[in-house]
Amino acid sequence: GALLGCHRSYRSRPTHGIGRFKYLLPKEVPKKRKEKVQMKEISAGTEYQYGDLNIQMTSYDLCLVEHFAQYVHRLCNRLSIRVNDSYAMPTKTNEVLFLEERGSKMQLDAVLTTHQRVIQIRGLSSTFAPILLEIIQSNQPEGVHLLMKQHTEADFKSRLKARPELEELLAEMS
Amino acid sequence: SAAARRPWRLFGAMCLMRLPRITQPLEKEEEEVAALMEQIELEKSLYSDHEMRKLEEEEQLKRKMESLYDEDEARGKTVIMAQDLEEKWEQKFLRFKAAPRITDADKSNDRTSLNRKLDSNLMLLVKQKIGNQELWLLPQVEWQPGETLRSTAERAMAIFLGDHIQAKVLGNAPYGIYKYKFPRAIRTENNVGAKVFFFKAFLQSSDLSQADLKADYLWVTKKELGDYLKSEYLKKVNRFLLD
């Protein structure tokens with residue numbers, strides 16, 4: 001059959017490289033895979049301001065905890081308190097076994113899941129802190145435990161998973 | 001020369017609060033919305049493991065009634081049926097009795113007990129002698145030079161309730177201030193009036209058996225404060241009370 005029109009530009013022709021455009025775009029830094037999660041600096045806080053504070057809410061009921069965490073987050077936004085992070089800790093599952101000993105031993109199982117949400121706050125002034133605490137406490141729903149503490153390295157490390165193979169290799173090397 | 005003595009006398013007062021134990025009852029609209037949301041969730045939800053098991057067993061029973069298919073299902077025969085489990089749980093639930101929301105103290109309106117009004121904040125009021133009048137006030141004590149105002153307030157609490165109270169004072173800054181001038185008869189050059197600084201504390205434990213209360217005391221909610229406090233004092237106190 002007849003040859004179809006071929007639009008190849010040869011290197012000798014003046015139209016060589018006519019469709020190039022990638023050289024005009026800004027340079028992309030190649031994305032690193034799996035960056036090592038660095039711990040951000042934990043501010044210690046001056047005399048009149050608290051540093052990083054963690055508000056931890058735990059409960060058996062997921063919806064309550066989630067909604068309460070949302071409420072606290074929005075409250076801090078409205079009161080213009082800087083919220084660093086708001087994350088969830090992994091849920092813990094507890095199996096409750098009843099051992100009834102009346103003739104036939106029966107085991108009734110119940111599975112309880114404990115959920116925890118954490119909101120990290122920075123720059124809470126010491127005059128305002130008790131008011132915030134009172135507001136949160138008076139709006140606490142039933143069944144939710146509230147804990148406010150300062151952020152430490154141990155808290156940060158508890159979110160990361162331990163890697164036994166890496167530790168073994170490091171131990172072998174040293 | 002010595003520092004000029006200010007003509008005001010300073011007092012530190014402590015507002016001791018017992019936090020609510022139970023949540024307040026829902027309003028009518030809140031109840032309606034809650035019921036509606038529950039219904040929507042129920043209609044949107046899928047069957048759980050337990051309900052699936054129950055449905056399968058019901059079908060098995062039906063098939064057994066109609067025709068004998070015992071050999072096939074005898075292998076996977078369950079000892080305990082899901083229906084039995086449900087009945088057991090129902091019985092257990094019926095045996096459980098929740099504590100009453102309205103306690104005896106509520107019914108008798110005994111204002112000295114901590115057990116009434118479990119869903120609101122209760123504050124401590126003490127009868128104190130100021131000048132020559134006996135007034136109902138938040139416990140207050142005069143400030144002595146050399147101590148912080150917060151320790152004055154804690155001392156006030158300790159004087160009226162004894163040393164062994166577990167109360168958590170919130171912060172070092174006062175919550176409110178009330179100042180008044182003495183009546184002309186007592187007023188002197190150095191003693192124009194008094195300023196009362198209020199601090200807040202939360203009562204941690206509800207066990208007051210160890211406390212030896214020396215004066216008349218009352219535990220009242222915010223609405224009932226008006227029955228006991230004077231209007232000016234009440235205005236200033238209401239400014240820092242939530243709820």
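**Close-up views of a predicted model**

**View 1. The salt bridge between A:Glu134 and B:Lys200.** A:Glu134 and B:Lys200 are joined by a salt bridge, with 2.7 Å between the closest N and O atoms; the term denotes a side-chain nitrogen of Lys or Arg within 4 Å of a carboxyl oxygen of Asp or Glu. The count between chain B and chain A is one salt bridge. This is a predicted model, in which local features need pLDDT of at least 70 and side-chain atom pairs count only at pLDDT 80 or more, while totals for chains, interfaces and linings use all residues. Residues are numbered from 1 along each chain as its sequence is written, chains are lettered from A in the order in which they are written, and side-chain values use heavy atoms, with hydrogens and water left out.

**View 2. The interface of chain B with chain A.** In contact (heavy atoms within 4.5 Å) are 12 residues of chain B and 12 residues of chain A. The buried area, that is, the accessible area (1.4 Å probe) lost by two parts on being put together, summed over both, is about 1,000 Å². Carbon and sulfur atoms give 66% of this area. The model scores ipTM 0.77 and pTM 0.76.

**View 3. Confidence along chain B.** The mean pLDDT (the predictor's confidence in each residue, from 0 to 100) of chain B is 78, and 83% of its residues reach 70 or more.
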